[in-house]
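Trainee: Could you walk me through this one while I have it open? I'd like to go piece by piece and ask as we go.

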Amino acid sequence: GMISYRTPVGFENKFGRSVREPVPKYGSGAKWEVKSYLEYQGFKFLSRFDPITYLKLTEQMDTHDVGRNRGGKANALSSVFIPAMVLGIDSDILYPLYEQEELAELFPNGELAVIHSDAGH
C-alpha cells in the first residue's frame, strides 16, 4: 500500500536517487533512501496491524459499490439531500480525482474541494 498512493513526483521530491551508504550504489545491496523508508514503514505497519484484518479491509474497499442493489450509484446518491463536501487530491493515484468529481456531481447538494499535492493522498 505504501507505494500505491505515492506519485512519482512525491517519491522524487522525498528521496531522489539518494543512498544511505556510499557503496554499493547498485544491486540488491544498495542502501537507497526510498528502500530504507519502505522497509521501515513495512515493519512498523506489521508491528501494529493484523495482516488478516488488513486483507479483509482492503477486500471490502475493493468491492464496495454504493449503487449495488439500489439501482446504480446515481440513483442511490440522488436520495442524499444533506450537503456533502467531497474532497479530492489532484495527484491521488488510489482515489483518482475524476472519481471525486463524479461523486460530487451525483449528490444533489454535493460540492467538490480539491487539495493540490505532489504526494498523492
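Mentor: Let us settle one term before we start: buried means under 20% relative accessible area, exposed means over 50%, and partly exposed covers what is in between. By that scale Lys73, at 39% relative accessibility, counts as partly exposed. Please also keep in mind that this is a predicted model.

Trainee: OK, since you brought up Lys73, which side chain does it meet in a salt bridge?

Mentor: The side chain of Lys73 meets that of Glu102 in a salt bridge, at 3.1 Å from N to O. This pair links distant parts of the chain, with Lys73 in helix H4 (residues 73-77) and Glu102 in helix H5, 29 residues apart.

Trainee: And Glu102, buried or exposed, or in between?

Mentor: Glu102 counts as partly exposed, because its relative accessibility is 33%, a value that lies between the 20% and 50% cut-offs.

Trainee: How many salt bridges does the structure hold?

Mentor: The structure holds two. Lys56 and Glu59 both lie in helix H3 (residues 51-63), where they are three residues apart, about one turn of the helix. Lys56 is partly exposed, with a relative accessible area of 48%, and Glu59 is partly exposed as well, with 39%. As a general point, side chains of opposite charge can pair when their charged atoms come close.

Trainee: Switching to the strands, how do E1 and E2 run?

Mentor: Strand E1 (residues 84-89) and strand E2 (residues 110-115) run parallel, and six bridges join them. Between the two strands the chain passes through helix H5 (residues 97-106), and this β-α-β crossover from E1 to E2 is right-handed.

Trainee: Which residues of H5 are buried?

Mentor: The buried residues of H5 are Leu97, Gln100 and Ala104. Seen down the axis of H5, they fall within an arc of 60 degrees, so they line one face of the helix. Those buried residues pack against E1 and E2, while on the other side of H5 the residues Tyr98 and Glu105 are exposed.

Trainee: I'm curious about Gln100 there. Why does it count as buried, and what does it touch?

Mentor: Gln100 counts as buried because its relative accessible area is 12%, which falls under the 20% cut-off. Leaving aside residues up to four places away in sequence, Gln100 touches Val86, Leu87, Gly88, Tyr95 and Leu112.

Trainee: And which residues make up the largest nonpolar core?

Mentor: That core has five residues in all, namely Leu77, Ala84, Val86, Ala104 and Phe107. Of these, Phe107 touches Leu77, Val80, Ala84 and Val86, again not counting residues up to four places away in sequence. In soluble globular proteins, nonpolar side chains tend to be buried together.

Trainee: What about the loops? Where is Asn69, and what is its phi?

Mentor: Asn69 sits in the loop between H3 and H4, and its phi is near 60 degrees, a positive value in a residue other than glycine. For context, most residues other than glycine have a negative phi. Asn69 is also exposed, with a relative accessible area of 78%.

Trainee: And Pro83, where is that found?

Mentor: Pro83 is found in the loop between H4 and E1, and it counts as exposed because its relative accessibility is 70%. Although Pro83 and Asn109 are 26 residues apart in sequence, they are 4.8 Å apart in space, C-alpha to C-alpha.

Trainee: Last one from me: how many Å apart in space are Ser18 and Ser79?

Mentor: Ser18 and Ser79 are 52 Å apart in space, C-alpha to C-alpha, and 61 residues apart in sequence. Ser18 has its place in the loop between helix H1 (8-14) and helix H2 (33-48), where it touches Trp32 and Glu33, not counting residues up to four places away in sequence. At 38% relative accessibility, Ser18 counts as partly exposed.

How values were computed
Residues are numbered from 1 along each chain as its sequence is written. This is a predicted model: local features need pLDDT of at least 70, side-chain atom pairs count only at pLDDT 80 or more; totals for chains, interfaces and linings use all residues. Side-chain values use heavy atoms; hydrogens and water are left out. Two strands pair if DSSP finds at least two bridges between them. Helices (H or I, at least four residues) and strands (E, at least two) are DSSP runs, numbered from the N terminus. A crossover is right-handed if, with the strands pointing away from the viewer, the path from the first strand over the helix to the second runs clockwise. Buried means under 20% relative accessible area, exposed over 50%, partly exposed in between (1.4 Å probe, protein chains only). Contact means heavy atoms within 4.5 Å. A nonpolar core is a set of buried Ala, Val, Leu, Ile, Met, Phe, Trp, Tyr and Cys residues joined through side-chain atoms within 4.5 Å. A salt bridge is a side-chain nitrogen of Lys or Arg within 4 Å of a carboxyl oxygen of Asp or Glu. The arc is that of the directions from the helix axis to the C-beta atoms.
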